[in-house]
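Try each task before you read its solution.

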Amino acid sequence: MDRSVVIVSGLPYTGKSWKLDQILALPKFENGIVVRMDDIRVELYGNRADTDVTKSEHLFKNEETRNTVLKKL
């Protein structure tokens, strides 16, 4: 594989975005492609909070995220 893949995962408000910003600042990742589940949720459901999305919608969001990652690989 000609690229590195980093997945930052965790509970809400645990510093994932902060850690991702640190990783993307490294020379090896300066041209990194970022897929954020929050961005996909907003694309699918607008400004609805994650707590206002149903379980079925969460599953669909997860599948859409997976498909987006596969496309970008």
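The exercises below concern a predicted model.

**Exercise 1. Describe the fold and the dimensions of the protein.**

Solution. 
- Step 1: Take the secondary structure. The protein has three helices and zero strands.
- Step 2: Follow the chain. The pattern reads α-α-α.
- Step 3: Box the C-alpha atoms along the principal axes. The box is roughly 40 × 25 × 20 Å.

**Exercise 2. Describe burial, surface and contacts.**

Solution. 
- Step 1: Buried means under 20% relative accessible area. Of the 73 residues, 15% count as buried.
- Step 2: The accessible surface comes to about 6100 Å². Carbon and sulfur atoms hold 55% of that area.
- Step 3: Take contacts between residues at least 6 apart in sequence. Of these, 35% join residues at least 24 apart.

**Exercise 3. Characterise the largest pocket.**

Solution. 
- Step 1: State the volume. The largest pocket has about 1400 Å³.
- Step 2: Find the lining. It holds 38 residues, and V8, L20, V35, R36 and M37 are the closest to the pocket centre.
- Step 3: Assign helices. α1 (16–24), α2 (37–45) and α3 (55–72) each supply at least two lining residues. The largest share, five residues, comes from α1.
- Step 4: Sort by class. The lining has 18 nonpolar, ten polar and ten charged residues.

**Exercise 4. Is Y13 buried or exposed?**

Solution. 
- Step 1: Locate the residue. Y13 sits in the segment before α1.
- Step 2: Check the backbone. Phi of Y13 is near 60 degrees, a positive value in a residue other than glycine.
- Step 3: Apply the cut-off. Exposed means over 50% relative accessible area. Y13 has 85% relative accessibility, so Y13 counts as exposed.

How values were computed. Residues are numbered from 1 along each chain as its sequence is written. This is a predicted model: local features need pLDDT of at least 70, side-chain atom pairs count only at pLDDT 80 or more; totals for chains, interfaces and linings use all residues. Side-chain values use heavy atoms; hydrogens and water are left out. On a 1 Å grid over the protein atoms alone, a cavity is a set of points where a 1.4 Å probe fits but cannot get out, and a pocket is an open set with protein on both sides within 12 Å along at least five of seven lines; lining residues have an atom within 4 Å of a point. Grid points are joined across faces, edges and corners, and a volume is the space filled by probe spheres set on the points. Helices (H or I, at least four residues) and strands (E, at least two) are DSSP runs, numbered from the N terminus. Ala, Val, Leu, Ile, Met, Phe, Trp, Tyr, Cys and Pro count as nonpolar, Asp, Glu, Lys and Arg as charged, and the others, Gly among them, as polar. Buried means under 20% relative accessible area, exposed over 50%, partly exposed in between (1.4 Å probe, protein chains only). Contact means heavy atoms within 4.5 Å. Accessible areas come from the Shrake-Rupley method with a 1.4 Å probe; for residues, only the protein chains shown count as cover.
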